[in-house]
Amino acid sequence: MPAIRTLSAEEARAAIPALSEVLVDCVAGGASVGFMQPYGPEDAEPYWRDVADAVATGANLLLVAELDGRIVGTVQVGAAQMPNQPHRGDLKKLLVHRSARGKGLARLLMDAAEREAASRGKTLLVLDTATGSDAEAIYPRLGWQRVGVIPDYALWPQGGFCATTLFYKRLA
């Protein structure tokens with residue numbers, strides 16, 4: 001049975017090796033999440049240290065999915081916004097290790113992230129994802145509204161331009 005939980009900054013720091021393994025696997029699998037191939041654990045660790053620091057300040061919420069006590073997925077909510085956007089959060093880096101896909105973890109992570117964001121006063125979440133990716137198909141099934149596409153927004157991890165699709169969701 002999968003477990004979804006929100007990590008404290010201390011827990012996030014302790015989980016850096018496991019979080020790095022998930023991120024490295026996703027980048028190796030072609031996920032356009034900000035990093036280029038080749039990408040190894042030594043590349044991922046500074047990123048996760050920064051995330052743990054953001055958790056410590058309350059700027060980010062970090063949730064993980066665990067199977068048999070092993071972290072196999074993660075998602076973040078950027079909670080710190082400009083003064084005129086206290087109601088909004090940015091959903092970031094929904095990642096599920098390829099070995100754990102097909103078990104509903106993305107849905108569980110998203111549901112938990114939305115609940116956590118709502119409990120902190122967020123009424124609107126936004127995200128962007130690579131157009132044409134497997135991830136893009138997930139969000140409409142979870143009630144997210146497609147806004148549009150920006151061409152040549154980023155690069156795929158193996159190179160070549162990648163468009164991005166923007167989504168939003170109002171939280172009840």
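In the predicted model, Asp152 is found in strand E6. The backbone of Asp152 has a positive phi of about 50°, although the residue is not a glycine. A second case is Asp68, where phi is near 50°, again a positive value in a residue other than glycine. Asp68 is placed in the loop between E2 and E3. Its relative accessibility is 81%, and since the cut-off for exposure is over 50%, Asp68 counts as exposed.

Strand E2 covers residues 60-67 and pairs with E3 in the antiparallel sense over eight bridges. Leu67 of the pairing stands opposite Arg70 in E3. Strand E3 itself, residues 70-78, is mostly covered, with eight of its nine residues buried. E3 is also joined to E4, through five bridges, and these two strands run antiparallel. Within this second pairing, Gln76 has Lys92 in E4 as its bridge partner. As a general point, side chains in a regular strand alternate between the two faces of the sheet.

Another backbone feature is found at Pro38. The peptide bond that leads from Gln37 to Pro38 is cis, with omega near -5°. Pro38 lies in a loop, with helix H2 (16-28) on one side and helix H3 (41-57) on the other.

Helix H4 contains Leu109 and Leu108. Are these residues buried or exposed? Leu109 has a relative accessibility of 0%, and because buried means under 20%, Leu109 counts as buried. Leu108 has a relative accessible area of 35%; this value falls between 20% and 50%, so Leu108 is partly exposed. For Leu109 the contacts are Ile4, Leu63, Val64, Ala65, Gly73, Thr74, Val75, Leu94, Leu95 and Val96. One of these, Leu63, is 46 residues from Leu109 in sequence, while the two C-alpha atoms are 7.1 Å apart in space. Leu108 touches Pro2 and Ile4. Pro2 and Leu108 are 106 residues apart along the chain, and their C-alpha atoms are separated by 8.7 Å.

The loop between H4 and E5 contains Arg120. With a relative accessible area of 44%, which lies between the cut-offs of 20% and 50%, Arg120 is partly exposed. The C-alpha atom of Arg120 is separated by 13 Å from that of Gln81, a residue 39 places away along the chain.

Empty space was examined next. In general, rolling a probe the size of a water molecule over the atoms shows where empty space is left. The largest pocket has a volume of about 970 Å³. Several elements give two or more residues to its lining: strands E4 (88-96), E5 (124-130), E6 (145-155) and E7 (161-170), together with helices H4 (105-119) and H5 (134-141). Which of these elements gives the most to the lining? Strand E4 does, with seven residues. In total, 40 residues line the largest pocket, and those nearest its centre are Leu94, Thr129, Ser133, Ala135 and Tyr139. By residue class, the lining is made up of 21 nonpolar, nine polar and ten charged residues.

Thr129, one of the residues nearest the centre of the largest pocket, is found in strand E5. The relative accessible area of Thr129 is 8%, and because this is under 20%, the residue is buried. Apart from neighbours within four places in sequence, Thr129 is in contact with Ala135, Glu136, Tyr139, Ala163, Thr164, Thr165 and Phe167. Of these contacts, Ala135 and Tyr139 are also listed among the residues nearest the pocket centre.

Finally, the UniProt annotation "domain: N-acetyltransferase", taken from an unreviewed entry, covers residues 2-172. In the model, this span is 35% helix and 34% strand, and its end C-alpha atoms lie 25 Å apart.

Definitions and conventions: Residues are numbered from 1 along each chain as its sequence is written. This is a predicted model: local features need pLDDT of at least 70, side-chain atom pairs count only at pLDDT 80 or more; totals for chains, interfaces and linings use all residues. Side-chain values use heavy atoms; hydrogens and water are left out. On a 1 Å grid over the protein atoms alone, a cavity is a set of points where a 1.4 Å probe fits but cannot get out, and a pocket is an open set with protein on both sides within 12 Å along at least five of seven lines; lining residues have an atom within 4 Å of a point. Grid points are joined across faces, edges and corners, and a volume is the space filled by probe spheres set on the points. Helices (H or I, at least four residues) and strands (E, at least two) are DSSP runs, numbered from the N terminus. Ala, Val, Leu, Ile, Met, Phe, Trp, Tyr, Cys and Pro count as nonpolar, Asp, Glu, Lys and Arg as charged, and the others, Gly among them, as polar. Buried means under 20% relative accessible area, exposed over 50%, partly exposed in between (1.4 Å probe, protein chains only). Two strands pair if DSSP finds at least two bridges between them. UniProt positions are given in the numbering used here, feature names are shortened, and annotations may be inferred rather than shown by experiment. Contact means heavy atoms within 4.5 Å.
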